[in-house]
Amino acid sequence: MTSPRTVLTAPPAAPEILARCRELVAPALAEAVDGLHPWVAEMAGYALGRCEVGGAPATHRQGKGVRQALAVLGAEAAGGSAEAGVPGAVAVELLHTFSLLHDDIMDDDALRRGRPAVWKAYGTGPAVLTGDALFALAVETLAAAPATAHTAAAVRRLTRASRDLVRGQADDLLFAHRPWTGPDAVSAGEYEAMAEHKTGALLGCALAVGAGLAGAPRETAAALDRAGRHLGVAFQIADDLLGIWGDPAVTGKPVHGDLRHGKKTLPVLAALAAPGRSPLAELLASTAVLDDGAVRRAATLVERAGARTAALGAARRHLTAADTLLAGASLAPRPAADLRTLLSSLAHRTI
């Protein structure tokens, strides 16, 4: 008599993890948005990739849903059900979308995911209004979650993340007015603090809120929050690298956009800290907006300075810190493995 073979299934890859979480959260997210004023709901649906201008079903890819996935995985990793994390997932996705609407206006970005940003498609005023509505809806969604001892703590985490997000964006805007070199230049440490607030705060919040709604102990939620913040810095560095060397077909934004507008990104700051920085510093200081030739030369100088390698090293350092925090927390094995898969893919921007 032969024994049946054990069929081993491969662990899910990051796109599969994201798809599973999106499908779980989609009905609740749609229900929340559809409760807004019809015009605002259409603009919110456009921002979320659900529809086109005018309300017709979307014909392009939607966002990956990273933050909502982190909330679901946070709940599962804490030993709860995926469903326990859904209110947190909806709230962080709404808050993230709010931040994108306002960021695109502040940064004068005309494109988002390869199509006109909301302010370009509908106007600046309507885009601001929609962002405000999404912020309020995010807090309301989480406050209306099934009342437990952890609901109030989840709301506090969301509002603290909102405050940190604003702090990071404020620093990012102020960096634009500081010199490239000298005592008032932006340091790598200041950059990393900005990235933690602007990007990491909401990633950490997503993990911690999901875990908290599933009943995780405070120390577990705090460890997940810190892990998400480290991930956010790694994610922002990867985004900076794509901003200089990325493929517009993948990023949805023009190549060299950050360099063209003089953004203080980590690769550029690292290049300016390296020996032989003078040609780059002179080029960047020569004009507010670089033309095509100057942008290409700047990108070459940044790479020759070893800044791409230095930035990748910084991203890996933060990813290692996130992984160490996950390893030290008491998490359910399979969701924790999914979480590590997702975090690694995000930090390396392979999804």
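## Exercises on a predicted model

Helices α7 (151–175), α8 (188–213) and α9 (218–245) each supply at least two residues of the lining of the second largest pocket. Helices here are DSSP runs (H or I) of at least four residues, numbered from the N terminus. This is a predicted model, where local features need pLDDT of at least 70, side-chain atom pairs count only at pLDDT 80 or more, and totals for chains, interfaces and linings use all residues. Residues are numbered from 1 along each chain as its sequence is written, and side-chain values use heavy atoms, with hydrogens and water left out.

**Exercise 1.** Describe the lining of the second largest pocket.

*Solution.*
- Start with the term: on a 1 Å grid over the protein atoms alone, a pocket is an open set of points with protein on both sides within 12 Å along at least five of seven lines, and lining residues have an atom within 4 Å of a point.
- Next, the lining has 15 residues, and His150, Ala153, Arg156, Arg157 and Arg218 lie nearest the centre of the pocket.
- Helix α7 gives the most, with five residues.
- Finally, sort the lining: nine residues are nonpolar, two polar and four charged. Here Ala, Val, Leu, Ile, Met, Phe, Trp, Tyr, Cys and Pro count as nonpolar, Asp, Glu, Lys and Arg as charged, and the others, Gly among them, as polar.

**Exercise 2.** Is aspartate 104 buried or exposed, and which side chain does its own side chain meet in a polar contact?

*Solution.*
- Find aspartate 104 in helix α4 (residues 86–106).
- Aspartate 104 has 4% relative accessibility, so it counts as buried (under 20% relative accessible area; exposed is over 50%, partly exposed in between, with a 1.4 Å probe and protein chains only).
- Its side chain makes a polar contact with the side chain of arginine 112, at 2.6 Å. Such a contact is a pair of N or O atoms within 3.5 Å; within protein, one must be able to donate a hydrogen and the other to accept it, and residues adjacent in sequence count only if both atoms are side-chain atoms.

**Exercise 3.** Where is leucine 301 found, and which residues does leucine 301 touch beyond four places away in sequence?

*Solution.*
- Look in helix α14 (residues 292–304), where leucine 301 is found.
- Leucine 301 counts as buried because its relative accessibility is 17%.
- Leaving out residues up to four places away, leucine 301 touches Pro279, Leu280 and Leu283 (contact means heavy atoms within 4.5 Å).

Notes:
On a 1 Å grid over the protein atoms alone, a cavity is a set of points where a 1.4 Å probe fits but cannot get out, and a pocket is an open set with protein on both sides within 12 Å along at least five of seven lines; lining residues have an atom within 4 Å of a point.
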